[in-house]
Amino acid sequence: MLAGGVGAARLLAGLVQVLPPSEVTAVVNTGDDLIMHGLYIAPDLDTVTYTLAGANNPETGWGLVGETWQAMGSLDRYGGDTWFNLGDVDLGTHLYRTGRLASGAGLAAVTAEVAAGWGLESTLLPMTEDRVVTKVTLADDGGLGNEVDFQEYFVRLRHDVPVSSVRFDGAEASLPGPGVLEAIAGADLVVVAPSNPIVSIGPLLAVPGIADAIRARRDDTVAVSPIIAGAALKGPADRLMRELGHEVSVGGVARMYRDITSCLIIDSVDTDLAGAVEAEGMACVITDTVMSSPEVATDLARTVLKQTRE
Ligand code: FO1
């Protein structure tokens, strides 16, 4: 599965109910990663890890359930940055990862150590071990070209500002992470998660080699639409698509994904738009895609797996 954060994690949690977890591999976006308080933080890798471990905060989707915030209290005392909330247990992950990276370990190895620490049997692969930073240029700045890093846009500005462009700094020089191309080439089925097409799936496709690897598997790739009834369930996918000139509908998603997938799974509420999806040269499967419960996520995972060619 090509995975971003929360939506991908929920579908992965469904997949491991219908497949042996060891048969599931996630290639995860690292364009959201940031250095905060000198710590290397990888939100999408951590969201996928914590969710597969059943330890994620179900309300927010990110971070850990039952967190405490003592360290953030200290930052507050000193007037440090507190706009990016880091729970005390979550901080342990960032301390471990930062220390391991500083001692020369690669992000893939550290990701595997963190996953093992949570007892996961699925494989989590960062899309690259090189630094790729998603940068967002804000539109309403009088043309000053005000560019911010992803988390500044997503969290500090609550993605409540119009965007004129998005770029993935460092992508052109990046290499696919260890195991990524092999996982895509060897998979029975490649799944594009219901993640943000612009800032979660976009970075993955921007790493040279990954898009070609997926295109080579187009007939064995299925995508789940992140847009339902013209909107995103959570996050700025609909805003970003609109602001960057895409049609905010399942047809618009099909147009974005037409060269990487041969099947788009859409929600029942969009049944009347199935023709628009098929017009993009792909199959359209209709089911319930709002993963409001683990049961729905499991049913969706079953529907996804049914698209596997014999
Ligand atoms: N999202 C927020 O909206 N507010 C936060 O304070 C916040 C903190 C945070 C800390 C660790 C982490 O792994 C994720 C965190 N997120 C927060 C979510 C994160 O911004 C998004 O999950 C991804 O970057 C987008 O998928």
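Predicted model: local features only at pLDDT ≥ 70, side-chain atom pairs only at ≥ 80, totals over all residues.
Leaving aside its neighbours within four places in sequence, which residues is Asn56 in contact with?

Let me begin with the chain as a whole. The chain contains 13 helices and 14 strands. Its radius of gyration is 19 Å, close to the 19 Å that the globule rule gives for 310 residues, so the chain is as compact as a globular protein of that length. The C-alpha trace spans about 55 × 50 × 40 Å along its principal axes. Of the 310 residues, 52% count as buried. The accessible surface comes to about 12900 Å², and carbon and sulfur atoms account for 52% of that area. Among contacts between residues at least 6 apart in sequence, 67% join residues at least 24 apart.

I turn now to the interior. In soluble globular proteins, nonpolar side chains tend to be buried together. Here the largest nonpolar core has 45 residues, and Leu2, Tyr153, Val166, Leu264 and Val277 have the most contacts inside it. Beyond its neighbours within four places in sequence, Val277 is in contact with Val250, Gly251, Ala254, Leu264, Ile266, Met282, Ala283 and Cys284. Apart from this core lies another, of 33 residues, which includes Leu11, Leu52, Ile265 and Ala297.

Leu52 brings us to helix H2, where it is one of the buried residues. Ten of the ten residues of H2, residues 43-52, are buried, so this helix is largely enclosed by the rest of the structure. Just after H2, Gly54 takes a positive phi of about 70 degrees.

To answer the opening question, Asn56 is in contact with Tyr50, Thr51, Gly61, Gly63, Leu64 and Val65, leaving aside neighbours within four places in sequence.

Finally, the ligand. Among the residues that surround the ligand are Pro43 and Asp44, both of them buried residues of H2. The surroundings also include Trp62, Trp83, Phe84, Phe150 and Phe154. A polar side-chain atom of Asp32 lies 2.9 Å from an oxygen atom of the ligand, and for Asn85 the corresponding distance is 2.9 Å. For Asp44, an N or O atom of the side chain is 3.1 Å from a ligand oxygen atom. On its own the ligand has 530 Å² of accessible area, of which the protein covers 89%.

Key
Residues numbered from 1 in each chain as written. Heavy atoms only, no water. Buried < 20%, exposed > 50% of the residue type's maximum accessible area, 1.4 Å probe, protein only. Helix = DSSP H or I, 4+ residues; strand = E, 2+ residues; numbered from the N terminus. Core = buried A, V, L, I, M, F, W, Y, C linked by side-chain atoms within 4.5 Å. Contact = heavy atoms within 4.5 Å. Near = heavy atom within 4 Å. Polar contact = N/O pair within 3.5 Å; in protein donor to acceptor, adjacent residues only side chain to side chain. Areas by Shrake-Rupley, 256 points an atom, 1.4 Å probe, with all protein chains shown as cover. Rg over C-alpha atoms; globule rule 2.2 N^0.38 Å.
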